[in-house]
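Please open the structure in your viewer and keep the sequence beside it. The tour below goes from one selection to the next and says what is found at each stop.

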Amino acid sequence: MPKYDWSLYEAYGNKLVERHEVPGAGVGVAVDGKPVYFHGFGSRDVEKKLPVDENTVFGIGSVTKSFTAVAIMQLQEQGKLSVEDPVVKYLPEFRVGKDGAEKAMTIHHFLTHTAGLPPLSSLNRALVRSLLKDESVMQGPAAEKIKALPPIDTYEELMEAIASQDFRLLGAPGLHFSYSNDAYALLGTIVERVSGVKYETYVVENILKPLGMTRSTWEPKDLPADGNVAMLYTSKREKGKDIVFASPSWWECPSMAAAGFLKSTVADMLRYAEIYRTGGVSGGNRILSAKSIEQMSTPYIEPTPGYWYGYGLMVHPNYHGVSLVEHGGNIKGASAYFTAIREKNITGVALTNLVSSPGGDLVLGAVNVPLGVKANARRFHYPKYHCPTERLSKYEGLYVSEEGASVKITAKEGGLDLEMEGGVHFKARPTGLDLFAMRRKGLESQMRFLVNARGEVCGLAFGFRIVRKVDAKPQTA
């Protein structure tokens, strides 16, 4: 096993953590299935000055979606379902509108976020009971709105809520990518109905236990008794500055567990990441066939140039000559990311205890070391592009979604100004036709404007969601 110099990576990682005010992070790398590196940045509990180690439990947010996809593929291997089946075969009460559009939506469409569902408000309602107990939320400006939300506690209530909402689909199934927590929650419902056991129990018995993920769990009450659990941190905006503070209340969400509520450790997640490196095997146990792993990691749709999506996985087909298979997750008090590079037998995991932390950059910098790439190399280089002033003005307007996103866009200084909720501003520079790179704390992410058949800007692919422009005509018009 070669010896690697991690010093430049740790200098890079320290700068990332400091710039983003991350209280604590754990990063681990394995080569040929053997852990070769772990580093804990900061503290799992700042006040108590407790360190982060490879067994510290963090939330993993939407990384959970990859576990849901694995469960679906296991059931397909058992002949109990097919990803080409319509979802109404297993969820006959699922409805979207009155024209029967749901009949064309398949499990494949749910897995790839291409069913045509726009971002919806369901998650907020599904979280109500946790939010009401969370002082950091209920002392904020959204408290009264939260009190007025009717909760969604069951899968059946979730489907009823979706059916009762008056929304326009983004298009025919398979046409557009828009990240959907609702779709993945309902995939969990399918797992439950087909397997005959509770979704969380299925994942424990068929994924976590076989992989030896002994410190991974769903319920806060089941967290390890040894106390090696990351404190949750959140932030608030005061006088134009983000203030990070401890907020120990975990969010629970029974009706959407499959979309993002698993908790795990760096050591456990490295065991899990192995199945994407080996084609389904970890620790001597086969979790999926190589064919199923290949099906999961196929790049089916390109949400934004360079980013592709498979089944519960993001796929980057050409990163310095190799393919990255990975997924990230963000939820209160957690930001997580794992990646697998099969051609070089490398896997990596980064877990942090602050939402919207740069977990993807932390883990990429770490796997860059055995890959032989500079620590600060990024997945994409966004080129410079001149956008005429008259074109910039077409993007101006308000973009909103039922999920709660609100972005006011104004042309400014050859680029765009994005005003988010709370009056927070970000700059975006043009990188191509209808493409822009938004800068946040030194890091850039790409966004894409959608144009309808009449050439009118009608929406924005932003944060992997399609957010519609207010008063714009439909994209397919």
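How many of the 13 residues of H12 are buried? Before selecting anything, note that this is a predicted model, in which local features need pLDDT of at least 70 and side-chain atom pairs count only at pLDDT 80 or more, while totals for chains, interfaces and linings use all residues. Residues are numbered from 1 along each chain as its sequence is written, and side-chain values use heavy atoms, with hydrogens and water left out.

Select residues 266-278, which make up helix H12; helices (H or I, at least four residues) and strands (E, at least two) are DSSP runs, numbered from the N terminus. Of its 13 residues, 11 are buried, so H12 is largely enclosed by the rest of the structure; buried means under 20% relative accessible area, exposed over 50%, and partly exposed in between, with a 1.4 Å probe and protein chains only. Among the buried residues are Asp268, Glu274 and Arg277, together with Leu270 and Ile275. From its first C-alpha to its last, H12 reaches 18 Å, close to the 18 Å expected at 1.5 Å a residue, where the expected span is 1.5 Å times one less than the number of residues. Gly279, which follows H12, has a positive phi near 90°.

Next, colour the open sheet, in which 8 strands run in the order S2-S1-S14-S13-S12-S11-S10-S9 with antiparallel pairing; two strands pair if DSSP finds at least two bridges between them. Strands S2 (34-42) and S9 (301-304) stand at the edges with a single partner strand each, so one side of each is left without a neighbour in the sheet. The twist averages 25° from one strand to the next. H12 packs on this sheet, touching S1, S2, S13 (334-341) and S14 (346-352), and its direction makes about 145° with that of S14; contact means heavy atoms within 4.5 Å, and angles run from 0 to 180 degrees between N-to-C directions of axes, which are lines fitted to C-alpha atoms, for helices over the stretch in contact.

Zoom in on S1 (residues 24-31), which 8 bridges join to S2 in antiparallel fashion, and find Ala30 opposite Pro35 in S2.

Finally, select S19 (residues 435-440) and S20 (residues 443-451), an antiparallel pair with 6 bridges, in which Arg439 has Glu444 of S20 as its bridge partner. These two strands form a hairpin with 2 residues between them, and Lys441 in the turn has a positive phi of about 50°. S20 also pairs with S21 (residues 457-462), again antiparallel, over 4 bridges.
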